[in-house]
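Hello,

Here is the structure I promised to pass on. Please open it alongside this note; what I found follows below.

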Amino acid sequence: MSPRPPRDALVGYQGHYAGSVSRFAAYSIDLVVSTAVFVLVLAAISWGVRVVTGHDVHWNRSNVVVAVIFVLWQFLYFGYCWAVSGRTPGMALLGIRVVRADGTVLPPKQAVLRSLVFPLSFLLFGLGFIGILVQHEHRALHDLIAGSAVVYSWDARAAQLRFLARQSGLAEGGVSSPAVAKADPAG
Amino acid sequence: MNPRDRLRAVSRRVTDPAEVLAQEATERVVDLVVNALDVNELAARIDLNALLGRVDVDAIVKRVDLDALLDRVDLNALLARVDLKPLLDRVDVNDLVQQIDMDALIEKTDLGAVIASSSGGMAAEALDAVRSGAVGLDQFVDRWVQRLIRPKQPWPAAPPALLAARAEP
């Protein structure tokens, strides 16, 4: 049983509530990106300090200052992205965005509130995220508090056009697609 | 003098002034009639469609040497005199575009290859695949969750504002 819906059906998903897999994948990407940027900045600071003062600076993960700065950086990363465009880099990659609960554009104040209450969903073993699965609007705890929702925003119509274009290009070039080749090995 | 010639001379003396008089009277009458006529109103009362219906346009066109005619036409000068803006303002572009079957167009023309080459190629294809896969898994998980919790009412697909935007043509 293939979990992938037909392409025609995907076209109709723009604006629909985003599901758990897309949201989790987007968050995972954001976590990697934000952490990578944080580490790079720390490395750049260490290098700068060493060049200027000649002293080596070692960042320790158990260092409270580093932990606090990291948490602040996370607030900044998510809050700024949601306030400016309604999406983080990970969300942009997965084609989802944050909107107000009614579907209109999320105001910056609400975006900042969402980033502030976002950690609450991690409490009690991430119980706050269960709403993405079982709540009728796929809203997590931080969504309910901030009055936000996450929807698909990627242009599935353009994706379908590209798919058709590729099909057309393959047909005109006389090259059979892998799927066709698999179905008709004799050809 | 021949009596017949004399008769002709007399007759000419009578008819020539009469002819001049008749000519002047006719010209005067024609002037009066033309001045009295409202040509625009007259033209408005003419049923041009009925008139043109009686004209054998094909026969006229057959007699026209279009090549010779077009050779004499300076199309650049003609187009330079055309004010395209009001012409285009009268065209309902949205209606025109809606009548186009884009899928069929792409399938039948090289436009497909153009879009494919201008839309990021492999990167766009990979992104589409990732997103499509994620959406598919979302739906898969969603179906199982709804099977387990059996909601009394179907869940809304999208926020109200986005649903309304989709409903608009």
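Of the 169 residues of chain B, 8% count as buried. Buried means 20 or more other C-beta atoms within 10 Å of the residue's own; exposed means 12 or fewer; partly exposed is in between; C-beta atoms are placed from the backbone. Chain B has 12 helices and 0 strands. Helices (H or I, at least four residues) and strands (E, at least two) are DSSP runs, numbered from the N terminus.

This is a predicted model: local features need pLDDT of at least 70, side-chain atom pairs count only at pLDDT 80 or more, and totals for chains, interfaces and linings use all residues. Residues are numbered from 1 along each chain as its sequence is written, while chains are lettered from A and ligands numbered from 1 in the order in which they are written.

Confidence next. pLDDT is the predictor's confidence in each residue, from 0 to 100. Chain A averages 82, and 79% of the residues score at least 70. Residues 174–187 of chain A fall below 50; beyond near neighbours in sequence, this stretch has 4 contacts in the model. A contact means C-beta atoms, placed from the backbone, within 7 Å.

Now α2(A). Its 34 residues should span 50 Å at 1.5 Å a residue, and the end C-alpha atoms are 48 Å apart, which agrees. The expected span is 1.5 Å times one less than the number of residues. Its buried residues include A:R23, A:D30 and A:S34. They pack against α3, α4, β1, α7 and β2 of chain A, together with α11 of chain B. A:G54 follows α2(A), with a positive phi near 85°.

Then α3(A), residues 64–84. A:Y77, A:F78, A:C81 and A:W82 are buried there. Seen down the axis, the buried residues of α3(A) fall within an arc of 105°, so they line one face of the helix. That arc is taken from the directions from the helix axis to the C-beta atoms. The face turned away carries exposed residues, including A:V64, A:L72 and A:V84. Cover for the buried residues of α3(A) includes α2, β1 and α5 of chain A. Just after α3(A), A:G86 has a positive phi of about 80°.

Last, the largest nonpolar core. Such a core is a set of buried Ala, Val, Leu, Ile, Met, Phe, Trp, Tyr and Cys residues joined through C-beta atoms within 7 Å. Of its 27 residues, A:I96, A:V150, A:V151 and A:Y152 touch the most other members. Elements giving two or more residues to this core are α2, α3, α4, β1 and β2 of chain A together with α11 of chain B.

Best wishes

Definitions and conventions
Contact = placed C-beta atoms within 7 Å.
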